[in-house]
Amino acid sequence: MSATALPYSLDRAARAQRLMAYVSADAAAAVALPSRALGLQNHTDRVVLSAAPTPADAQLPRWFTPVFVAVSLMDLLLTWVILNVHFGTEANPVAKLILDTAGFPGLTLYKLALVALVLATTTQLLSHSPAAAKRLALAAVTLSAAPVVWSLHLLLVIWVQVWMYA
């Protein structure tokens, strides 16, 4: 191999960069879609295709934080109602352990810590992979809503039984 020749992978990468990464300004102007939608960025005499939107452009859905916090608080409230009013038990083994050792204030701190962890994780993930952050946000709301739906179901069953046999 000569001193001027590049290794195959570097040569191939350089060729791919020349062929695919740069689009002339005239070709970019001919594209009917807005350049922002394509992820194009102007650089003096050429337009460079960016691989992903900049982190400043990436955002979680506007509904995520208020809905996630509301669902989490509703889970905590319904847990309290089922435990204290209807003398139920906690189904989550980790939450049951915390409830047995630290009581309801400990369970509240545990739930707040989980909410803070999910919000911090989605925010941090947003700067690296916006699509993954949005999927995590949707999964967090869905998984947090499942115990709420189950608790509402249990309370409805109790209400119907009380109404039928009263």
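In which helix is Tyr165 found?

Reply: Tyr165 is found in helix H6, which covers residues 130-165; helices here are DSSP runs of H or I with at least four residues, strands are runs of E with at least two, and both are numbered from the N terminus. The model is predicted: local features need pLDDT of at least 70, side-chain atom pairs count only at pLDDT 80 or more, and totals for chains, interfaces and linings use all residues. Residues are numbered from 1 along each chain as its sequence is written, and side-chain values use heavy atoms, leaving out hydrogens and water.

Tyr165 counts as exposed because its relative accessibility is 68% (buried means under 20%, exposed over 50%, and partly exposed in between, with a 1.4 Å probe and protein chains only). Together with Leu156, Trp159, Trp163 and Met164, Tyr165 makes a nonpolar surface patch of about 720 Å². Patch residues have over 30% relative accessible area and no salt bridge; nonpolar side chains (Val, Leu, Ile, Met, Phe, Trp, Tyr) are joined within 5 Å, and like charges within 9 Å. The areas come from the Shrake-Rupley method with a 1.4 Å probe, and for residues only the protein chains shown count as cover.

Thr122, in contrast, belongs to helix H5 (residues 93-128) and counts as buried, because its relative accessibility is 0%. Leaving aside residues up to four places away in sequence, Thr122 touches Leu60, Phe64, Ala133, Leu136 and Ala137, where contact means heavy atoms within 4.5 Å.

One joins Lys111 to Asp75 at 3.0 Å, N to O. This pair links distant parts of the chain, with Lys111 in helix H5 and Asp75 in helix H4, 36 residues apart. Lys111 is buried, at 16% relative accessible area, and Asp75 is buried too, at 12%. The other bridge joins Lys96 and Asp100 at 3.7 Å, N to O. These two are about one helical turn apart, because they stand four residues from each other in helix H5. Lys96 is partly exposed at 35%, while Asp100 is exposed at 56%.

Between helices H4 (64-84) and H5 runs a loop that contains Phe87. Phe87 is exposed, at 69% relative accessibility, and has a positive phi of about 55° although it is not a glycine. Most residues other than glycine have a negative phi.

Conventions
A salt bridge is a side-chain nitrogen of Lys or Arg within 4 Å of a carboxyl oxygen of Asp or Glu.
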